[in-house]
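Welcome, and thank you for taking a look at this protein.

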Amino acid sequence: MKKFDFAVVGATGMVGGKMLQVLAERKLPIGELYLFASAKSAGKKVDFLGKTYTVIELTEENVRSRHVDIALFSAGAGTSGTFAPVFAECGAVVIDNSSRWRTEPDIPLVVPEVNPYDIDWNHGIIANPNCSTIQAVVALAPLHRKYGIKRIVYSTYQAVSGAGVGGYNDLKNGLQGEAPQKFPKPIAGNILPHIDVFLPDGYTKEEQKMIFETKKILGDQSIKVTATTARVPVYYGHSESINVEFLNPVTLEGVYEVLRNAEGVVLMDDPAQTVYPTPLECADRDEVFVGRVRIDPTVDSGINMWVVADNIRKGAATNAVEIAERIIAKSK
């Protein structure tokens, strides 16, 4: 079997570590593996599949002196803006988890269960969508194909790990009475309707990301999308209440059938038996879990549903590795 040389950029971070875990679990045909991080983390030792790797400082010279086929990035928008083009210039396909490339019209924004065909026209960089968008569109795309989506209203309940180690620590330390370091207000015992920065129109950048990315991934700019995103005191797992209005008549039985057969979706919906997805049940899983599906009687053709996924796995690391798997499969 052909081997592929991989790089993980941001290898010592929360998502970088999860990328390595998913790479190991899925047994990708890895030849050489290079772990890159900042000067602060350079020299650290990381174990992967029985071998110990030394973290390399991310510099242009260190990138250009190594052959890489696929580079998984989770190191922030600034780092991606500087170094993703360097990797691409050297022949690698970069799968970037930051926000840097998502809005670029010539950069594909990919969720493999939804739009794998967009991988084909990449020019060396592929954008991994926002974690909250990924899980939403996995559930929405098959419904859009069958019924046509007219309007989406997102309300999200997002875990602190979506803000990285700093967010995780704010909850952990806040439960001990310490002041927040990452968030503007305490997150322990609290909810913050504030993810990323506020924009002039009153929406946050996180809300804007979901609106823009949903349309780009689904390939339909006519869909009306609005969003409210909130940070909740949960360590892992984003939850979303999604209200969807369709162009064509919809039935509950029809929606169930679509979701049961949708790639990457697990339907957990039996409220009488308290069967519905929660972040604890979905932790460290790759699927998107859907429950609380019901007809919205306030519109001609609409539903409400509850969507949960592990934001660090499916919302970041797994989605990137799945893109890599598709690239490898196409190269055979």
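A residue counts as buried when its relative accessible area is under 20%, as exposed when that area is over 50%, and as partly exposed in between. Keep in mind that this is a predicted model.

**Charged pairs**

Side chains of opposite charge can pair when their charged atoms come close. The structure holds 19 salt bridges. Let us visit three of them, listed here with their N to O distances.

| Salt bridge | N to O distance |
|---|---|
| Lys-209 and Asp-196 | 3.2 Å |
| Glu-263 and Arg-326 | 3.2 Å |
| Glu-322 and Lys-314 | 2.6 Å |

Start with the salt bridge between Lys-209 and Asp-196. Lys-209 sits in helix H6 (residues 205–218), while Asp-196 belongs to the loop between helix H5 (164–174) and H6, so this pair ties together parts that are 13 residues apart in sequence. Is Lys-209 buried or exposed? Its relative accessibility is 15%, so Lys-209 counts as buried. Asp-196, with a relative accessible area of 34%, is partly exposed.

Next comes the salt bridge between Glu-263 and Arg-326. Glu-263 is found in the loop between helix H7 (252–260) and strand S12 (265–267), and Arg-326 in helix H9 (residues 313–330), so the pair ties together parts that are 63 residues apart in sequence. Glu-263 is partly exposed at a relative accessible area of 48%, and Arg-326 is partly exposed at 26%.

In the last pair, Glu-322 is buried at 10% relative accessibility, and Lys-314 is buried with a relative accessible area of 1%. Glu-322 and Lys-314 also belong to a network of salt bridges whose members include Lys-18, Glu-25, Arg-26 and Glu-113.

**Helix H7**

Which residues of H7 are buried? They are Gly-254, Val-255, Tyr-256, Val-258 and Leu-259. The buried residues of H7 pack against helix H4 (131–147), S12, strand S13 (288–295) and strand S14 (302–309).

**Strand S2 and its partners**

Strand S2 (residues 30–37) is mostly covered, with six of its eight residues buried. Strand S1 (residues 4–9) runs parallel to S2 and is joined to S2 by five bridges; in one of these pairings, Ala-7 has Tyr-34 of S2 as its bridge partner. From S1 the chain passes through helix H1 (residues 14–26) to reach S2, a β-α-β crossover that is right-handed. S2 also pairs with strand S5 (residues 56–57), in the parallel sense and over two bridges. Here the bridge partner of Phe-36 is Ile-56 in S5.

Notes: Residues are numbered from 1 along each chain as its sequence is written. This is a predicted model: local features need pLDDT of at least 70, side-chain atom pairs count only at pLDDT 80 or more; totals for chains, interfaces and linings use all residues. Side-chain values use heavy atoms; hydrogens and water are left out. A salt bridge is a side-chain nitrogen of Lys or Arg within 4 Å of a carboxyl oxygen of Asp or Glu. Helices (H or I, at least four residues) and strands (E, at least two) are DSSP runs, numbered from the N terminus. Buried means under 20% relative accessible area, exposed over 50%, partly exposed in between (1.4 Å probe, protein chains only). Contact means heavy atoms within 4.5 Å. Two strands pair if DSSP finds at least two bridges between them. A crossover is right-handed if, with the strands pointing away from the viewer, the path from the first strand over the helix to the second runs clockwise.
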